[in-house]
Amino acid sequence: MKNIAAIIPAFNPQQSLITYVHQLLATTITQIIIVNDGSDEKYAGIFEELKKIDSCKVLEHDRNIGKGGALKTAFTYIWSQRGLCQGVITVGAHGQHTLQDVKLVLTMTKVFSEGIVLGVRNFHSSDSTLLSYWGNRVTSLFFELLYHRKLMDTQTGLRFISIKELPWLLKVKGERYDYDTNMLVAALKRKCPIFEVEIGQIRIKKNTVIQYDEITNARSIIAKMLMNYLKPRNR
């Protein structure tokens with residue numbers, strides 16, 4: 001598939017994001033949309049450098065509204081430019097997705113060009129704690145129980161999305177980490193194809209900002225999942 005835009009929601013990113021963007025643009029990615037989701041002022045210089053990169057567009061929120069809101073801001077922008085690309089790939093801003101993993105998902109879009117392609121993380125790596133492993137297993141099993149579809153990694157932030165899916169994705173509820181799961185639930189209800197591609201080992205940074213991209217709190221994920229499941233029955 002040609003003309004894929006990368007979307008990077010960013011909250012207080014490190015300087016390494018600049019190098020990472022250059023690396024992404026050296027792949028088949030043709031455009032990068034970065035959403036500055038209300039980062040602290042001390043990170044302004046990083047975003048100013050990103051604005052200078054060709055084929056890199058920086059969108060900005062006055063305050064932090066969460067990853068889901070940042071994704072929808074980027075989806076709105078991409079849809080307005082929809083004649084320029086056939087799909088988007090969402091990528092984390094904190095180095096948790098290696099270039100090799102991104103390339104693998106990009107390669108698989110030649111096979112799975114429709115719907116959503118998930119980059120499924122390997123929780124058996126040395127970087128992965130027992131808590132994160134079982135947290136992922138429990139959320140996946142709970143998702144299967146409620147929605148009758150087995151998905152190995154419902155919270156992965158590395159996803160390819162076909163351009164034609166963006167209009168309904170803009171209507172999916174959730175401004176923060178719950179948007180990742182809500183997206184998959186809505187896709188199942190719409191019979192939108194969901195494919196899974198196993199990527200490399202999980203990369204967990206020892207800081208809290210990583211949770212902006214891929215939440216690891218299984219209890220919160222399950223609570224949100226259950227509330228969303230019960231809502232239609234209460235109407």
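Start by selecting β1 (4-10), α1 (16-25), β2 (29-37) and β3 (56-61): these are among the elements that cover the buried residues of α2, where a contact means heavy atoms within 4.5 Å. Helices (H or I, at least four residues) and strands (E, at least two) are DSSP runs, numbered from the N terminus. You're looking at a predicted model, in which local features need pLDDT of at least 70 and side-chain atom pairs count only at pLDDT 80 or more, while totals for chains, interfaces and linings use all residues. Residues are numbered from 1 along each chain as its sequence is written, and side-chain values use heavy atoms, leaving out hydrogens and water.

Now pick α2 itself, residues 44-51, and show I46, F47 and L50, which are buried (under 20% relative accessible area; exposed is over 50%, partly exposed in between, with a 1.4 Å probe and protein chains only). They sit on the same side of α2 because they cover an arc of only 95° around the axis, taken from the directions from the helix axis to the C-beta atoms.

Stay here for some charges. A salt bridge (a side-chain nitrogen of Lys or Arg within 4 Å of a carboxyl oxygen of Asp or Glu) joins K52 and E49 at 3.3 Å, N to O. K52 is exposed at 60% relative accessibility, and E49 is partly exposed at 36%. The whole structure has six salt bridges.

Next, select K67 and D180, whose closest N and O atoms are 2.9 Å apart in a salt bridge. K67 belongs to helix α3 (residues 67-80) and D180 to helix α7 (residues 178-189), so this pair ties together parts 113 residues apart in sequence. K67 is buried at 5% relative accessibility, and D180 is buried at 3%.

E175 is in the loop between α6 (166-169) and α7, 103 residues from K72. K72 is buried at 10%, whereas E175 is partly exposed at 39%.

Last stop: the rings. The search of the whole structure turns up one aromatic pair. F112 and F195 have ring centres 4.1 Å apart and planes at 15°, so they are stacked (centres within 6.5 Å; planes under 30 degrees apart are stacked, over 60 edge-to-face, the rest tilted, for rings of Phe, Tyr and Trp, its six-membered ring). F195 is partly exposed at 25% relative accessibility.
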